[in-house]
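Okay, thanks for coming, everyone.

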Amino acid sequence: MEPVKVGLLGLGTVGGGTMNVLHRNAAEISRRAGREIRVVHAAARDLDPTGIDGLESVQITEDAFEVVENPEVDIVVELIGGYSPARELVLKAIENGKHVVTANKALIATHGNEIFQAAQRKGVTVAFEAAVAGGIPIIKALREGLAANHIEWIAGIINGTGNFILTEMRDKGREFADVLKEAQALGYAEADPTFDVEGIDAAHKLTILASLAFGIPLQFDRCYTEGIGRIEPQDVIYAEELGYRIKHLGVTRRTGSGVELRVHPTLIPERRLIANVDGVMNAVLVQGDAVGPTLYYGAGAGSLPTASAVVADVIDVTRTLTTDPENRVPHLAFQPDELSDLPVLEVEQVVTAYYLRLTVEDKPGVLARITGILGDAGISIEAIKQKEPREGETQVPLVMLTHSVEEGRMNEAIAAIEAMETVTAPVARIRVEHLG
Ligand code: HSE
């Protein structure tokens, strides 16, 4: 049978890895796909071919549009990243009747609805396994492996850079900026690393997971996003003393009134497996009504792990080239005309437990007043501890865990606490998920 011809857009970290995986596992990949998979055309700017196998037989161009216009190419693999020109390239490839494989989470989360509609009209597939959690086949698990389930919630560590930073801060007491530099040098961080530390990258990925889990359109602009920049070393220590780890989690949950979609630092009981996922590793915990909890773990970034997902998609697309487009697995797991209009909730409607750290004057009556405010708001306290004053300070940290409460109500209570004269700094608050 004729080889399947691939056009590759981007020969950087993931593009180079994709070439190498296709080259090193060529024979086995052909046995799985039923045909040889051959990269015939690739686009790259400032190409450094060092360490990339198999480039000798590939036509190289600087103009990515040449690849999507090449009539010989069956599958376009988009590994450029970013919004533009990735969107224009993918739409042009679809218009030209080519299947697309992409690792671009920003593109799928923000333009996916438009892209999938275009692909549907044209009868081509857009595959995006590498867009979420690097090498972990979480898209396939949600779309196919768990298709029997009513998915209840998903909680994931889905940004390797952020997890690497938090782990190094906790284990080695390193400074935030110093660890970020190392993550950039290792090729984990996004081109704009604020995407990693402010949770935007995780929000892109969570948006995609929520659509696959609940059959809702992609709604990145509705995702609540909070980064890790405000976590203080003392919170990491106090959390540990309470039996928790701080992780940057993406959480999406189906409730009676809508879907929670949120990325933020989170305290997780340290006995949970996911609390022990460290370094650049990712993990996604999925709760289905039939299967119960399932956990997916692996490398969430890096050249070969991401290439593993890209090449798996190329193999998948190759296998379905001759199938009827109407009978392929739907892009977003549910049939396109069966998407639900379940609303994404405002963060004020989200119900979680909280870790609070207050800075207060050590005087009689202060604690009673604070617990009074919380009690009046219907917020129940699970644990409370007054810490030693920090060196040279007269105020003391007061650390507490609460039971679950609607966020809007917690906001009001915090505002009332911060208005007290004896509370001398803004309240540090971190949401708590027990993931039971
Ligand atoms: N910057 C991303 C991360 C790369 O750190 O997880 C993989 O999407």
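This is a predicted model: local features need pLDDT of at least 70, side-chain atom pairs count only at pLDDT 80 or more; totals for chains, interfaces and linings use all residues.

On the H1 side, the residues to look for are Thr 13, Val 14, Gly 17, Thr 18, Asn 20, Val 21, Leu 22 and Arg 24, and they meet Ser 303, Leu 304, Thr 306, Ala 307, Val 310 and Val 311 in H12. Sorted by class, that contact has seven nonpolar, six polar and one charged residues.

So how do those two helices sit? Two packed helices are described by the angle between their axes and the distance between the axes. For H1, residues 13-24, and H12, residues 303-320, the angle is about 65° and the axes are 8 Å apart. H1 and H12 are therefore roughly perpendicular to each other. And the crossing of H1 with H12 is right-handed.

Now compare a second pair. H4 covers residues 86-95 and H5 covers residues 105-122; they pack at about 10°, with 10 Å between their axes. Because of that angle, H4 and H5 count as roughly parallel. From H4 the contact takes in Ala 86, Arg 87, Val 90, Leu 91, Ile 94 and Glu 95, and from H5 it takes in Leu 107, His 111, Glu 114, Ile 115, Ala 118, Ala 119 and Lys 122. By class, that's eight nonpolar, one polar and four charged residues for H4 with H5.

While we're in this region, here's something to spot in the backbone. The peptide bond from Ser 84 to Pro 85 is cis, with omega near 15°. Where's Pro 85? Pro 85 is in the loop between strand S4, at 75-78, and H4.

Ala 133 isn't a glycine, and still it has a positive phi of about 60°. You'll find Ala 133 in the loop between strand S6, at 126-127, and helix H6, at 138-145.

The crossing of H7 and H8 is right-handed. Thr 161, Phe 164, Ile 165, Glu 168 and Met 169 of H7 meet Phe 176, Val 179, Leu 180, Glu 182 and Ala 183 of H8. Split by class, that contact of H7 with H8 has seven nonpolar, one polar and two charged residues.

Which residues are around the ligand? They're Lys 105, Asn 159, Gly 160, Thr 161, Tyr 188, Ala 189, Glu 190, Asp 196, Asp 201, Lys 205, Gly 300 and Ala 301.

A polar side-chain atom of Lys 105 is 2.5 Å from a ligand oxygen atom. For Thr 161, a polar side-chain atom lies 2.6 Å from an oxygen atom of the ligand. And for Asn 159, an N or O atom in the side chain is 3.5 Å from an oxygen atom of the ligand.

That's my tour, so let's open it up for discussion.

Methods: Residues are numbered from 1 along each chain as its sequence is written. Side-chain values use heavy atoms; hydrogens and water are left out. Axes are lines fitted to C-alpha atoms, for helices over the stretch in contact, and angles run from 0 to 180 degrees between N-to-C directions. Helices (H or I, at least four residues) and strands (E, at least two) are DSSP runs, numbered from the N terminus. Angles under 35 degrees count as roughly parallel, over 145 as roughly antiparallel, 65 to 115 as roughly perpendicular and the rest as oblique. A crossing is left-handed if the near helix is turned anticlockwise from the far one by less than a right angle, and right-handed if clockwise. Contact means heavy atoms within 4.5 Å. Ala, Val, Leu, Ile, Met, Phe, Trp, Tyr, Cys and Pro count as nonpolar, Asp, Glu, Lys and Arg as charged, and the others, Gly among them, as polar. A residue is near a molecule or strand if one of its heavy atoms lies within 4 Å of it. A polar contact is a pair of N or O atoms within 3.5 Å; within protein, one must be able to donate a hydrogen and the other to accept it, and residues adjacent in sequence count only if both atoms are side-chain atoms.
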